[in-house]
Amino acid sequence: MMSILESVNSPKDIKKLDDAQLKQLCAEIREYMIQTVSQTGGHLASNLGVVELTVALHKVFNSPTDQIVFDVGHQCYTHKIITGRREAFKTLRTEGGISGFIRPVESEHDIFSSGHSSVSISEAIGLAKAKQIKGEKGKVIAVIGDGALTGGLAYEALDNCAGDDHSNLIVILNDNNMSISENVGSVSKHLTQLRTSKRYFTFKSKIRRAIAKMPKIGNQINRFLTNINGQLRRKIYHNATFFEDLGLRYYGPIDGHDMNGLIAVLETAKAHNHSVLVHVNTVKGKGYDPAEKNPTQFHGIGKFDINTGEPLSGGENFSSVFGRIMCDFAEQDSRVCCITAAMAPGTGLTEFSKKYPKRFFDVGIAEQHAVTFASGLAKNGMIPVFAVYSTFLQRSYDQLIHDVAMQGLKIIFGIDRAGFVGEDGESHQGVFDVSFLNSVPGLTVYAPADYEEMAVMFVRAFYNDKGAAAVRYPRGQEGIMPENYNYDKSDYTIFGDACSKNCIVTYGREFSQCWQAFQQLENTCLIKLNKIKPLSDDAVSFAAKSDNVFFFEESVKSGGVGEIFGCRLEILGAKVNYRLIAVEDEFIKQASVCSQLKKYHLDCDSVVKEVKNEQ
């Protein structure tokens, strides 16, 4: 059988395909997707669930005149494959290859860069309104789901739909049991099939136009019929009540794997002169048995055995160790509870959730709520720990200041994926938290380099420090550490001769690179910062004794620890040559962590070269 996928080089090619060819295309896309992700890693389960939906969208609409906005961005693999990136898809998430998320630099069909969730409806409303103002043709379609409807921003956007004219806006709610409850009932399904038929829609439009022409009473009759129609829909469509009250025409639920049904409802939505919400039910992991059985594991997965679905890499890492540490704390202290924002497996809290279900809270994709919720727990005597990726903590900056620091509450932040995260690219790099945490009054921040000191730092955060504290740790496994190294709860640790000409300063994962370099250098000492906020004055004074001070930081330079360290040296009047090596004012593209360290001169060889250049 001839490959249909090989003939698809743009969305225009999909419009030529018949029903049988569309079905074959979806099967081929799934096969190609599974094969590729098994070798590159990526977000598999969510993408397998939206193959038919994405193909149907490009069958019905005319991208990029009709603008399709994918929420989260990790549901975009089929979209990438059929918008001219079929061959490039083999390079998914690799250095120099295509991103695992929506990126406008790759294609005119990618409207917004996306990596965080719950943003698509807000973006789509703005796009739709701009089209109206400028008199441009085309619909704007927001594809939201996979848990994104648990984010508060999505509801702010939906509320903005009420009472306004968004005639060119269509919202596709991809319901894969990660966002809202199922709408059941045969009457609901049969009525949806009727309402999305072309014959019904055409007949309804003709009747309305005819009534509107009736002198004096035509418009009144239409308004009366609209009101009656709305009341009947509310009786039949239980989920529709919420969306219809916000001013959206509701259609659903639609089988998200029924191509003919999808095309019919999308054609109806396209013909509407009103904002529409189409509720689509999909199966996460559709077409690959291991992913269907365990969609959470295959949400974001590394390389895996395509025959068994088993990951090709594993072992202990910072996230799993964090989870074990939290279980130990919870066993000893009944006040300890853990919060996650829809990332229990990713943050290592699966075991905690099983052992201590009453003290485990998954709030969904709602980081702002998570932080303020934690403040309520803390106010009434609990010790909440919010486990969150560095990139997602960015959403909670206001809550960190107002609801935590200003209240003087004891809340612990386990900041996962701190520093470079590798293949996830620009939207997920954990290089901004240090800068914004430095601006939060009263917050203590620790940066462990190995598992053992991470455990001790959590003890300090729980029981020794006043107010809120954060422990930030990287993705993956611990690096090379000094033999017999034991963290002694000091704010900093010094290696080498205090009278050395050169002094290297660093913290966190970067310490491993600097330690390896330190062993190759002469006349050099090394300062490992254990607590990075507040910064130790003694550590600064010690560095001031050297002629050359090198600060290596796996974070953005602006507002980071290195800048503060340099300012402190200047305040001391230190006569030193200070060099700060960190990430400049830019976003970090996808690559392996090793490659990223090398690019930003933070790998061992770069550290050696940097210091030797000053000797």
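This is a predicted model: local features need pLDDT of at least 70, side-chain atom pairs count only at pLDDT 80 or more; totals for chains, interfaces and linings use all residues.
## Basis

Local features need pLDDT of at least 70 and side-chain atom pairs count only at pLDDT 80 or more, while totals for chains, interfaces and linings use all residues. Residues are numbered from 1 along each chain as its sequence is written, and side-chain values use heavy atoms, with hydrogens and water left out.

## Overall make-up

The protein has 25 helices and 17 strands. Both are DSSP runs numbered from the N terminus: helices are H or I with at least four residues, strands are E with at least two.

Of the 615 residues, 57% are buried (under 20% relative accessible area; exposed is over 50%, partly exposed in between; 1.4 Å probe, protein chains only). Take the contacts (heavy atoms within 4.5 Å) with a separation of 6 or more: 74% of them join residues 24 or more positions apart.

## A five-stranded open sheet

The strand order is β12-β14-β13-β16-β17, with mixed pairing. Two strands pair if DSSP finds at least two bridges between them. β12 (492-495) and β17 (577-583) each have a single partner strand, so one side of each lacks a neighbour in the sheet. Neighbouring strands are turned by 20 degrees against each other on average, direction ignored. Axes are lines fitted to C-alpha atoms, for helices over the stretch in contact; angles run from 0 to 180 degrees between N-to-C directions.

β16 (residues 548-556) and β17 run parallel, joined by six bridges. Val 556 has Val 583 of β17 as its bridge partner. Helix α21 (residues 510-518) lies across β12, β13 (502-507), β14 (524-529) and β16. Its direction is about 165 degrees to β14.

## Nonpolar cores

A nonpolar core is a set of buried Ala, Val, Leu, Ile, Met, Phe, Trp, Tyr and Cys residues joined through side-chain atoms within 4.5 Å. The largest has 57 residues. Phe 322, Met 326, Phe 352, Met 454, Phe 458 and Phe 462 have the most contacts inside it. Helix α14 (residues 318-332) gives the most to this core, eight residues.

Leaving out residues up to four places away in sequence, Phe 322 touches residues including Leu 349, Val 385, Met 454, Phe 458 and Tyr 473. A second, separate core has 54 residues, among them Val 60, Phe 61, Phe 89 and Val 278.

## Helix α2

α2 (residues 19-40) has 22 residues. From first C-alpha to last it reaches 31 Å, close to the expected 32 Å (1.5 Å times one less than its number of residues). Asp 18 caps its N-terminal end, with a side-chain oxygen 3.2 Å from the backbone nitrogen of Ala 20. Gly 41 follows α2, with a positive phi near 80 degrees.

Terms used:
A polar contact is a pair of N or O atoms within 3.5 Å; within protein, one must be able to donate a hydrogen and the other to accept it, and residues adjacent in sequence count only if both atoms are side-chain atoms.
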